[in-house]
Amino acid sequence: MSMTDPIADMLTRLRNANRALHDRVDIPASRIKVQIARILKEEGFIRNYRLIEGGKQGVLRLYLKYGPDNMRVITDIQRVSRPGLRVYTGVGKLPRIRSGLGVAIVSTSKGLMTDRTAREGKVGGEVLCAVW
């Protein structure tokens, strides 16, 4: 059976593993999921990620990050644009997540980037998810 929203599945697996204080989580890989993982690592929400080749599509392994006393770095992660309701915004209307403490991941014509990078590059696009 095919999956309707693989990005939402990735975010749900990440959210569940984070709440259960797991060290890592495995997700079926795709190019867009690898780009989302790259952004999460650059923004400091995860320790690292690794693409494991093999099988039909490979596995994306995310290594979760916690602060002192197992304090979660990712408070929440939510899907914004979904297959039933796509959310496109121009550069002037890009969301600021938690007054700049969080990050919105935006799919633009120049690739996946954070809301801050999209504002600097003066491009809008589809707001995929929000992380804080």
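These legends walk you through several close-up views of a predicted model.

**View 1. Three strands line up in an open sheet.** The strands follow the order E1-E3-E2, and their pairing is antiparallel. E1 and E2 are the edge strands, since each pairs on one side only. On average, neighbouring strands here are turned by 20° against each other, direction ignored. If sheets are new to you, keep in mind that strands of a sheet pair through backbone hydrogen bonds, either parallel or antiparallel.

**View 2. A closer look at strand E3 and its partners.** How many bridges join E1 to E3? There are five, and the two strands run antiparallel. Within this part of the view, look for Arg24, which stands opposite Tyr63 in E3. Between strand E2 (residues 46–52) and E3 there are six bridges, again with an antiparallel run. Here you can find Tyr49 opposite Leu62 in E3, and Arg50 with Arg61 of E3 as its bridge partner. Is E3 largely enclosed or largely open? Five of its six residues are buried, so E3 is largely enclosed by the rest of the structure.

**View 3. The hairpin of E2 and E3.** These two strands form a hairpin, with six residues between them. In the turn, look for Gly54, which has a positive phi of about 135°.

View 4. Seen with the three strands in the order E1-E3-E2, E1 and E2 lie at the edges. H1 packs on this sheet and touches E1 and E3; its direction makes about 165° with that of E1. H2 packs on the sheet as well, touching E1, E2 and E3, and its direction makes about 155° with that of E2.

**View 5. Helix H1 and its buried residues.** Does the span of H1 agree or disagree with what its 14 residues should give? At 1.5 Å a residue they should span 20 Å, and the end C-alpha atoms are 20 Å apart, so the two agree. The buried residues of this helix are Ile7, Asp9, Met10, Leu11, Leu14, Arg15, Ala17 and Asn18. They pack against E1, helix H2 (31–42), strand E3 (59–64), strand E4 (77–79) and strand E8 (125–131).

View 6. With a relative accessible area of 37%, Leu21 is partly exposed. Arg98 is found in another place, the loop between strand E5 (88–89) and strand E6 (103–108). The phi of Arg98 is near 50°, a positive value in a residue other than glycine.

**View 7. Thr114 in strand E7.** You will find Thr114 in strand E7 (residues 111–114). Is Thr114 buried or exposed? Its relative accessibility is 5%, so Thr114 counts as buried. The side chain of Thr114 makes a polar contact of 2.8 Å with the side chain of Thr117. Leaving aside neighbours within four places in sequence, Thr114 is in contact with Ile39, Glu43, Val103 and Ala104.

**View 8. Lys122 in a loop.** Lys122 sits in the loop between helix H3 (115–120) and E8. A relative accessibility of 66% means that Lys122 counts as exposed. Now look for Val91: 31 residues separate it from Lys122 in sequence, while their C-alpha atoms are 5.8 Å apart in space.

Methods:
Residues are numbered from 1 along each chain as its sequence is written. This is a predicted model: local features need pLDDT of at least 70, side-chain atom pairs count only at pLDDT 80 or more; totals for chains, interfaces and linings use all residues. Side-chain values use heavy atoms; hydrogens and water are left out. Buried means under 20% relative accessible area, exposed over 50%, partly exposed in between (1.4 Å probe, protein chains only). Helices (H or I, at least four residues) and strands (E, at least two) are DSSP runs, numbered from the N terminus. The expected span of a helix is 1.5 Å times one less than its number of residues. Contact means heavy atoms within 4.5 Å. Two strands pair if DSSP finds at least two bridges between them. A polar contact is a pair of N or O atoms within 3.5 Å; within protein, one must be able to donate a hydrogen and the other to accept it, and residues adjacent in sequence count only if both atoms are side-chain atoms. Axes are lines fitted to C-alpha atoms, for helices over the stretch in contact, and angles run from 0 to 180 degrees between N-to-C directions.
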